[in-house]
Amino acid sequence: MGRSRRILKLERNRWRRKDTWYNAVVVMVWGLFSAAGSYKTVRADSKLKEDNESLSSAMTIADSGCLMENGGSCLPCTPEEEKQIVKDLMDEAELNLKEGNSYYVISARWFTTWERYVGQGSDDHVVDMQSSDSQDFAVVSTRITDRPGPISNSDIVENGGDGEDDDLELSRTLLEGRDYVLVPQKVWEKLVQWYRGGPALPRRMISQGVFNKKQFNVEVYPLCLKLIDSRDDIEFTIRLSKKASLHELYERVCALRGTEREKIIIWDYFNKHKQSLLVDSNRTLEESNLQMDQEMLLELQVHDSYPSQSSKDSTGNELALVALEPSRTSLSIAGGPTLSNGHSSTYSLNLRPGSALNSGFTDIDDAFGAYSAVRRGERGGLAGLQNMGNTCFMNSALQCLVHTPPLVEYFLQDYSDEINAENPLGMHGELALAFGELLRKLWSSGRNAIAPRAFKGKLALFAPQFSGYNQHDSQELLAFLLDGLHEDLNRVKQKPYIEMKDWGGRPDEEVADECWRNHKARNDSIIVDVCQGQYKSTLVCPVCSKISITYDPFMYLSLPLPSTVTRSMTVTVFYGDGSGLPMPYTVTVLKNGNCRDLIQALSTACCLRSDESFLLAEVYDHRIYHLFENPLESLTSIKDEEYIVAYQLSQKGTGKKKLEIVHQEKTATDFLKGSGWKDFGAPLLAQLEDDSPSGADIELVASRLLSPLRRTCSSSVVHSGKENGFLSEANGEPSNSCNGPSESGVQSMDNCNTSTQDLSFHLFLTEDQYSGRKPIFKDSVIKSGANRIKIFLDWTDKELKLYDPSYLKDLPVVYHRTGFNAKKTRQEAVSLFSCLEAFLTEEPLGPDDMWYCPRCKEHRQATKKLDLWTLPDILVFHLKRFSYSRYLKNKLDTFVDFLIHNLDLSKFVKRKDGRSYIYELYAVSNHYGGLGGGHYTAFAKLIDDNRWYNFDDSCVSPVNESDIRTSAAYVLFYRRVQTEMKVGLGGTSQGHAGS
C-alpha cells in the first residue's frame with residue numbers, strides 16, 4: 001500500500017507541475033523555431049505570457065494529453081519521477097513473487113537508453129547554505145540525455161517483429177542482461193503509457209525445483225514442439241509452457257487441427273521413434289520429458305483402440321512415421337533457447353557450433369526392467385550421450401564420472417540399501433537413482449548413443465540453475481553432482497551435533513584426525529570414501545598475529561594458472577598533497593597479475609614512502625570512471641587503450657572521505673546544451689580531514705592540489721601542443737623569465753604580488769552522476785552520504801593566468817600500440833606443479849572475504865595458507881581457465897603440461913603416513929573455443945583395455961595417448977596407483993589413515 005500511495009503521489013505531483021513542464025517545453029521549442037538560428041535567452045517568469053501567445057500559432061499543446069513525435073505523452077513525468085515509479089513497482093513485484101506472475105521481455109538496447117535518461121537525476125548530496133546570500137539554486141544538467149523514442153523490441157524477435165504478437169518468436173541466441181531485460185507487468189504498462197511502442201512479449205513466472213531447491217523463474221522460452229500429422233505429414237509448431245499439462249496440449253492440438261478430442265492420440269516421437277503414448281492427463285510436459293524442438297506424432301484413434309507402435313494402424317494402412325526435418329539453418333544453434341531467471345545476476349551464452357551426431361541413436365532412456373546384454377565382442381562404456389541442446393557441458397562431466405572405476409564398480413552393484421531418502425540436504429535418493437540408471441545404460445548399450453532425457457529432467461528438478469538450454473560450466477555441474485550423490489548416498493541417517501574444538505597449539509596429527517572423525521560422523525558415503533581429501537588451512541591476523549588452524553575436507557582442487565607473460569603499463573601519478581607535478585611512469589608487471597602488483601611496481605619506480613599509498617583509478621571523459629579499491633582485482637580488466645592514474649595518498653587518511661575535482665572550461669554559449677561549460681583535463685583526488693567540510697575547506701584542498709601548476713608569474717601564455725602533455729615546452733614566447741610552473745608546489749609567489757589567501761575559485765557541487773551544479777560558498781557545509789564528494793572547478797581567465805592547466809591534459813594511454821612494435825605473443829606453457837604451487841602460496845584474503853578474529857573481535861584481512869594434508873584415491877584438478885572482470889568473462893588458453901603417468905605428489909602432502917601419492921590420469925573434461933560459442937568434450941580411458949577414447953556428445957572414437965594433453969584441458973581426473981582400489985559397499989576410505 002505504501003508504494004502504491006507513493007506512485008499516486010508522484011503522479012499527482014506530475015500534474016501539479018504541469019505548468020512548469022509546459023514552460024520548459026515552450027522555452028525549448030521557441031529556441032528551435034527562432035529565425036536564422038539566432039535567439040534570445042527567454043525568462044520563464046515575466047515573459048511567459050508573451051511567449052505562450054507568440055508560440056500558440058506554431059503549435060498547440062492540449063491539457064488532455066496529445067501525442068508527440070515519439071508516440072509518448074507530451075506531458076511526461078520527469079526522469080526522476082519515472083525512475084522512482086519504476087523502482088517502486090520493481091520492489092513491489094519482488095515482494096510478491098508467485099507462480100503465474102506476468103513479466104515482459106524488453107530489448108536491452110532500448111532499456112539501456114531509458115536507464116541513461118532517468119539516471120541523470122540522482123541526488124546524493126545535501127548542501128546546507130548558511131550564507132546570508134543563500135538562495136534557491138536551480139540544478140542545471142551539464143549533460144542532457146535525450147528522451148528515448150517508442151519501445152522497440154524488433155532487434156530481439158525473429159524477422160524483426162513482422163507478424164501478429166501471438167506468432168512472434170524470440171531469437172534463439174539471446175542472453176538476459178546482454179540482449180534483453182525482464183520487467184513486471186505493471187512496469188511494462190507504465191513504460192507503454194509513457195512511450196508506446198512494442199511489440200509486447202509477455203512471459204509467465206513458473207516455479208522450478210522440489211523440496212528445499214524451489215525457485216521462481218521467468219520462462220522466457222516456452223517449449224517449442226513439432227507436431228506431425230500422420231494423415232498428411234504436415235508439421236505444425238506448438239508453443240506451450242513446460243508447466244502446461246498434457247490435457248492443455250490435447251486441447252491446443254484439437255483447436256489447431258479441428259478434430260474432436262476422442263478421435264486423436266499423441267505420441268512422444270523423440271528421435272523420430274515412438275517412445276511412449278502421451279495420455280490426456282494433468283501430467284506436465286516437463287514431467288513427460290518433452291524437449292525443445294522435439295517431434296510429436298498425431299494419429300487418429302479408430303474404434304476406441306490405440307494403434308500399436310508398429311508402422312500400421314488398425315485398418316492396415318501405412319502410417320507416416322517419418323517426421324519432417326525441423327526448420328533449421330545450415331549453421332544450427334543446438335537448442336538455443338534458455339529458461340531465464342529474471343532475478344539472477346549470473347548469465348551465460350547459449351551459442352554452440354553445430355556438430356554432426358552419429359546415426360546410431362536409440363532412446364532407451366525411458367526403458368524399464370532388465371538391461372540388454374552387450375553384444376559379444378563389444379566393450380561396455382563406449383556409448384555416447386546425445387546433445388539435448390547445449391548439453392555438451394553435462395555430457396563431458398558425465399562421461400568422466402561414469403568412467404571413474406570405483407563409481408562404475410559401485411553403481412553396477414545393488415546400491416539400493418544405501419539410498420538415503422530422508423536426508424533434507426539431498427534429493428531423496430532420486431538423483432543417485434537417475435545417475436545409477438544412466439551409468440548402467442552407458443555400460444550396457446554397446447556403442448549406441450543414449451539420450452539422457454530422464455537424467456536431465458531430474459537435474460532440472462533438483463538444480464534449476466542447469467535447466468533450460470543454456471551452456472553451463474562442466475566443473476560447476478561436476479561439483480553439484482558429487483555433492484548431490486554424496487547426500488543421496490550418505491550412510492548417516494541422523495547427523496549428530498558436534499562442537500568443533502579450537503586448535504589450541506595441539507599436534508597437527510591429533511587435530512587432523514579429530515576433524516576427520518567429526519566429518520565422517522556426519523558424512524559417510526562412496527563419494528567421501530574415494531573422492532574426498534583433507535587440507536590444512538592456516539589464517540594469521542595481521543594486527544594481533546592470532547593463528548587459526550583448521551583441517552577441512554575437499555572434493556576437488558581449483559588451481560590458478562600462473563602466468564610468466566609480462567606487459568608494460570603507463571600510469572600517471574598525481575600527488576594528493578600537492579608536492580609535485582603529475583608524472584607518467586611506465587612499469588612492467590605480470591600480464592595476469594593484480595592491482596597490488598601494479599601498485600608495488602609504481603611504488604618502487606617513484607620511491608613511495610612507507611606512510612604513503614596509491615589509489616588506482618580509470619579516467620574516462622575527464623572524470624573518474626572506476627576506482628580500483630580491491631588490490632586483488634585482475635589487471636586483465638585494464639585495457640591498453642584506457643587511461644589509468646595513481647593518486648598518492650597518506651595512509652593515515654585511509655577510510656576518510658575523498659574529494660574529486662573535475663575541471664571545466666568555458667565554451668561558446670549553447671542554449672540547447674545548457675551551461676556552456678565542458679570538462680577537460682584529468683580530475684584530481686585528495687583526502688578530506690572532515691566528513692562534512694565547509695566551502696573554505698574545499699577551497700583550501702583545491703589550492704593545495706593546484707599549487708604545482710602555479711606559474712612563477714602570471715602570464716597570458718598557456719602551454720599547448722605538447723608531446724605528452726607533461727614535460728614539453730610551451731608554444732609561444734614567454735612574457736618574462738619567470739613564466740612556467742614552479743619547481744616546488746609550495747614556492748612563494750611574492751614576486752607576482754599574489755597569495756593563496758587572495759584566490760577565489762569558482763567551485764560547484766555536483767551530484768553522484770555529475771548531473772548538477774550548485775555553487776559552493778566559504779561558509780557552506782557540505783553533507784554527503786557517499787564516500788566521495790564531487791565538485792566542478794571552473795577555469796576562468798583568472799585561473800588561466802595563475803595556473804598552467806596543460807599539465808592536466810593529454811594523459812598517456814596504458815600502452816600505445818603501433819604497427820611497428822606490435823608483436824604476436826607466444827603461447828605460454830605452465831606445469832601442473834606450478835599451478836599447484838600457486839594454489840598453496842600464502843596470500844591475503846580479499847576485502848569481501850574478511851576473517852573475524854576472535855582476539856581482536858573484528859573482521860580482519862588475514863593471510864591464508866593452504867597445505868595438502870591427505871589426498872583421496874580419486875583426485876580431481878580444476879584448472880581455473882575462466883576469469884571474471886568488470887567488463888566481461890575471459891578464458892585463458894594457457895597450455896598446462898600435466899603428466900599422464902606417475903604423477904608424484906608426495907612432496908606436497910604434509911602428512912607422512914607412508915602411503916603412495918602417485919597418480920595416473922584416466923579422464924579429462926575439455927573446453928574448446930571461447931565463451932561465446934565454446935564446446936565441451938571428454939577424454940576417458942577404459943582401464944581394462946588400456947585405451948583412450950574421445951567422447952564428443954554422441955560420437956565416440958579412439959584417440960592416441962599422445963594427443964590427450966592439449967590447451968583445452970579443463971578438469972583432470974587422476975586415480976591413485978600402487979594401492980588397492982577395491983571399494984565395497986559400506987566400506988571406509990583408504991585415503992585417510994585417521995579415518
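**Ground rules.** I'm working on a predicted model, so local features need pLDDT of at least 70 and side-chain atom pairs count only at pLDDT 80 or more, while totals for chains, interfaces and linings use all residues. Residues are numbered from 1 along each chain as its sequence is written, and side-chain values use heavy atoms, with hydrogens and water left out.

**Helix pair.** I looked up α4 (residues 79-94) against α6 (residues 185-195): their axes come within 9 Å and cross at roughly 160°. Helices here are DSSP runs of H or I, at least four residues, and strands are runs of E, at least two, numbered from the N terminus. Axes are lines fitted to C-alpha atoms, for helices over the stretch in contact, with angles from 0 to 180 degrees between N-to-C directions. That angle makes α4 roughly antiparallel to α6 (over 145 degrees).

Which residues meet? From α4 I have E82, I85, V86, L89, M90 and E92, and from α6 K186, V187, K190, W194 and Y195; contact means heavy atoms within 4.5 Å. I get 7 nonpolar, no polar and 4 charged residues there. Nonpolar covers Ala, Val, Leu, Ile, Met, Phe, Trp, Tyr, Cys and Pro, charged covers Asp, Glu, Lys and Arg, and the others, Gly among them, are polar.

**Sheet.** Next I traced an open sheet of 5 strands, ordered β9-β8-β12-β10-β11, with mixed pairing; two strands pair if DSSP finds at least two bridges between them. β9 (235-240) and β11 (276-278) are the edge strands, each pairing on one side only. I noted an average twist of 35° from one strand to the next. β8 (residues 223-229) pairs with β9 in the antiparallel sense over 6 bridges, and I found L225 bridged to I238 in β9. Helix α7 (residues 246-257) packs on the sheet and touches β8, β9, β10, β11 and β12; its direction makes about 140° with that of β9.

**Cavities.** How many cavities of 30 Å³ or more does the structure hold? I count 6. A cavity is a set of points on a 1 Å grid over the protein atoms alone where a 1.4 Å probe fits but cannot get out, and lining residues have an atom within 4 Å of a point.

Of its 14 lining residues, F574, Y575, P582, L684 and L705 lie nearest the centre. That lining has 11 nonpolar, 3 polar and no charged residues.

Notes. Angles under 35 degrees count as roughly parallel, over 145 as roughly antiparallel, 65 to 115 as roughly perpendicular and the rest as oblique. On a 1 Å grid over the protein atoms alone, a cavity is a set of points where a 1.4 Å probe fits but cannot get out, and a pocket is an open set with protein on both sides within 12 Å along at least five of seven lines; lining residues have an atom within 4 Å of a point. Grid points are joined across faces, edges and corners, and a volume is the space filled by probe spheres set on the points.
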